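This report describes a structure from its computed features. The sequence and the model are shown first.

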Amino acid sequence: MVRFAHSPETIVFAIDLDAEMSTEATRGYCRLDVVKHAVTTFVLAKKRMCARHKFALVTLVQDEAVLLPYTLTSNTDEFLEYLAQLQPAAAAAEQQFITSDGGGSSSSSSKAFDFGSLISAVEPLLQQQQQQCWPQPQQQQQQQHHGEMLHVAGGTLTPAPALLSAPAATTSSSSSSRIQQQQQQQQQHSLRVILLYARSQLPAPELRSQQQRGLAMDCLYVHSKPQAGVNAAQEVYGALEELVDGLGVRAGHAPFIYEATAGRIMKLLSCMALLLAHPQQRQPQADTQPPLDISAAPVMQLPSDLANLASGLPIMTASRLPAPAAASAWAKPLVVSDDTVTDTVSDAAAVSAWGSPATAAAGGGSTGGAGAWGDAAAAAAAAAAGGGSSKDAAAAWGRPAPSAAAAAAGSAWSDPWDEAGANTPGFAAGSLPALQPTQSSPAAAAAAAAGAAAGSSNGTKAATVTARRASKGSL
Amino acid sequence: MEARCLVYKRQYANRSLQWHVVHDPCNPQQAPDVVFDDVTFNPLLDPLISTELVQMLSSWGSTSSSNPTSSLTAMLELLLSLYMQHQKEKIAALQDDRLLFELAMLEDLGCSEVLLSAAADGSQQACFSIPVEADLAPAQRLIDCLQQQQQQQQERQPFMLHVAFRVGRGVSSHAAPELQLQYPHFAEQQLPPLSLPSWDPQTSLVEYVPHLAERLNKHLQDSCPAAVLRFDLVKALAGVFGHPLEVNMQGSSAVKGSAAAGSSSSFAGTSSSMGRAKTFSSSSSSAVFQLQFDQQPLLLFVEMPPSFPAEAPLLLLQSMRRMGPDSCAALSNIPWSPRWDAAEMAARLFNFVKQQAPGILKDMEGGSSGAAL
């Protein structure tokens with residue numbers, strides 16, 4: 001169901017400037033460059049939807065987060081200039097742009113990032129948001145003590161801070177209406193943090209102090225290729241999931257959490273696009289469908305043609321429109337881990353992941369990893385194991401088989417920025433240990449219990465979070 | 001415990017009322033004090049003091065104990081009617097024939113807000129706010145869509161005609177007044193502006209308002225289906241492209257304007273001297289969907305212009321891989337007919353995007369400006 005409630009957002013990008021950000025992600029571009037590109041396209045898309053969206057930057061260095069207050073703006077050009085100036089911590093220390101405790105330029109931070117510092121960093125913005133809703137702090141306190149706004153006699157009755165506040169009788173009507181309009185506009189902004197975390201080494205992030213308040217936050221984890229004994233991407237991801245879920249549930253927000261290997265540019269950009277989803281309108285992550293592959297989807301039959309063919313039948317409404325064959329691809333749960341899928345068309349597993357009706361039968365014992373796309377069952381593993389299935393799937397869409405398509409279009413569409421070796425056709429599902437979602441999250445469970453006690457809405461959101469994780473299954 | 005002060009705010013004619021209601025929670029039997037923002041209005045000192053008000057305040061303790069809120073509401077409504085009476089007396093004191101005639105017709109018009117205020121140029125304005133009866137049956141679907149959008153029941157507000165007669169030295173009240181039609185919430189951002197009937201110097205409000213109501217009803221019949229079609233199209237597009245990432249039916253650039261009728265022009269997009277009248281925004285509605293083309297992440301923006309469905313929606317494809325001018329491309333020559341229903345529109349747009357996307361992406365690849373990952 002499409003929801004139409006809409007309000008402008010204040011989106012705070014919390015960008016990790018750890019030394020890992022300076023590592024190469026793809027040919028000629030470091031990880032931070034890719035993140036900046038993703039944020040830029042995000043910001044431009046958001047502004048196209050609503051001119052009143054605002055953006056701000058928070059940098060994560062070592063164990064603390066620092067808000068750059070001058071970056072809070074609705075001016076796109078201005079914000080992107082500030083974004084362009086960000087540098088990884090090691091390089092930034094040299095340029096005295098951001099203070100940092102330093103360390104080796106190539107070594108990752110040895111201090112665990114404290115999520116409490118992120119909450120503290122955005123505290124001014126949270127207070128500003130509250131003040132915009134309640135113009136006076138005293139009013140807010142009185143409101144909490146003495147109840148809600150009353151609608152009486154065609155107007156509103158609210159607590160006032162002072163016994164005799166300055167009457168506005170002589171204020172010109174046009175200016176008072178402008179002020180009211182500005183206040184109305186300010187009242188509507190909702191705050192959301194998008195965390196772009198980049199550390200693949202321990203220590204994992206933590207929350208050092210007990211927090212009463214939550215934080216509406218989504219997360220995109222950009223990490224090194226998971227390798228046992230080399231890095232701890234899985235553990236870090238688990239900690240991120242737990243922390244982000246816990247804070248989000250306390251704030252009444254159902255967070256989106258995605259992960260991508262730094263070299264998987266297409267997946268990273270795709271995840272960033274998914275984070276565009278407006279919190280008031282989006283579905284829970286567990287229900288989010290993969291984006292429609294317009295190249296694989298068949299041409300739709302028009303309702304008018306159907307009506308002509310079956311004369312006498314009523315024209316079909318939207319609700320009765322026959323679902324295109326392509327819909328079956330994304331109407332079913334995604335069954336592949338993106339860690340097993342490359343970004344090139346030549347990859348058979350990729351085609352089966354995006355273009356074929358998902359084989360939910362593989363959902364029981366998934367071996368391809370779940371990643372953060374929300375579902376278990378590695379169709380890639382199935383496709384790699386039985387390569388004919390992908391060709392059959394491709395034939396269902398009326399396209400040439402993957403190999404032919406790759407031969408014909410591989411040079412045009414193959415991603416030149418993929419990591420070396422990733423372009424090899426038939427990139428097997430099991431060659432990379434995929435990130436496992438945590439099976440049980442004490443934080444989310446505790447938050448769910450707290451949410452159930454606090455109110456039905458929070459409990460519902462907590463249940464949604466645990467359902468998202470429960471649906472992921474295991475490797 | 002300290003005295004508690006509440007602020008009563010209400011739009012009244014062309015200004016915002018702001019009265020302070022002061023009461024002592026320790027003495028609920030005691031009637032509250034009210035501080036008015038108009039120094040000329042003091043109902044308890046008026047020689048023709050309202051006995052009803054005196055009686056209400058005297059018996060406050062006994063009547064308010066059961067339901068303080070309803071007692072407060074009754075008191076404020078009485079004060080509002082006294083305030084209106086006060087303003088009527090101020091206007092009558094000007095001894096202007098035209099205004100005296102309009103004052104005499106207030107009850108017939110159902111007018112509940114009258115105000116004598118100062119204009120920016122030092123002259124005075126006699127302002128009347130008159131509800132315009134409109135048949136809302138054509139707008140019911142739109143109201144339902146917007147209630148769903150707001151996720152709450154909105155108090156049903158009427159269409160209000162704000163009229164301001166200039167008075168003062170050198171100004172004839174027989175000159176055409178300034179007129180502005182205030183839309184209720186459901187219409188202010190969804191419906192195009194209404195061209196008001198022109199003002200005849202010989203006419204009066206009691207003749208003008210029914211004429212306006214007739215034109216308004218026609219306007220609702222013509223424009224509400226188009227407004228509802230926007231919502232229907234977004235739902236239909238969600239059925240073919242997937243759940244949208246964001247939908248903004250309120251438009252991003254609210255155009256501050258008013259439907260004002262002067263002596264000659266039927267519609268003037270000038271900033272209103274009425275000030276407080278809510279303005280409508282004739283802006284676009286838009287939705288964004290995430291797509292892929294051969295695993296390239298794309299964004300599809302669908303923007304419905306103010307003249308939709310007469311004008312086709314604008315389609316824009318943005319490549320997440322690219323930056324700069326080559327990252328976006330508008331789809332042109334969209335096959336279109338405003339006669340199609342939402343399902344047909346959505347299917348046609350889907351097929352068009354599918355057909356055009358390869359060529360557009362190829363052009364993007366061939367573009368030399370901007371960066372790409």
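The model is predicted: local features need pLDDT of at least 70 and side-chain atom pairs count only at pLDDT 80 or more, while totals for chains, interfaces and linings use all residues. Residues are numbered from 1 along each chain as its sequence is written, chains are lettered from A and ligands numbered from 1 in the order in which they are written, and side-chain values use heavy atoms, without hydrogens or water.

**Chain B overall**

Chain B contains 9 helices and 12 strands; these are DSSP runs, numbered from the N terminus, with helices (H or I) of at least four residues and strands (E) of at least two. Of its 373 residues, 55% are buried, a term for under 20% relative accessible area, with exposed over 50% and partly exposed in between (1.4 Å probe, protein chains only). Contact means heavy atoms within 4.5 Å. Among chain B contacts between residues at least 6 apart in sequence, 61% join residues at least 24 apart.

**Nonpolar cores**

A nonpolar core is a set of buried Ala, Val, Leu, Ile, Met, Phe, Trp, Tyr and Cys residues joined through side-chain atoms within 4.5 Å. The largest has 116 residues, and B:Trp19, B:Phe128, B:Phe159 and B:Phe241 touch the most other members. Helix α8 (residues 205–241) of chain B supplies the largest share of this core, 19 residues. Apart from it lies another core of 53 residues, including A:Cys30 and A:Cys271.

Beyond its neighbours within four places in sequence, B:Phe128 contacts several residues, among them B:Leu99, B:Cys111, B:His162 and B:Phe165.

**Buried residues**

| Residue | Relative accessibility |
|---|---|
| A:His37 | 3% |
| A:Cys271 | 0% |
| B:Cys127 | 1% |

A:His37 lies in helix α1 (residues 31–49) of chain A. A polar atom of the A:His37 side chain lies 3.0 Å from the backbone oxygen of B:Arg321. With a disulfide defined as a pair of cysteine sulfur atoms within 2.5 Å, the count over all chains is 0.

**Strand β11 of chain B**

Strand β11 (residues 314–319) of chain B is mostly covered, with 5 of its 6 residues buried. Two strands pair if DSSP finds at least two bridges between them. Strand β10 (residues 296–304) of chain B pairs with β11(B) in the antiparallel sense over 6 bridges, and B:Leu299 stands opposite B:Gln318 in β11(B). Strand β12 (residues 328–331) of chain B also runs antiparallel to β11(B), joined by 4 bridges; there B:Leu331 in β12(B) is the bridge partner of B:Leu315.

Notes
Polar contact = N/O pair within 3.5 Å; in protein donor to acceptor, adjacent residues only side chain to side chain.
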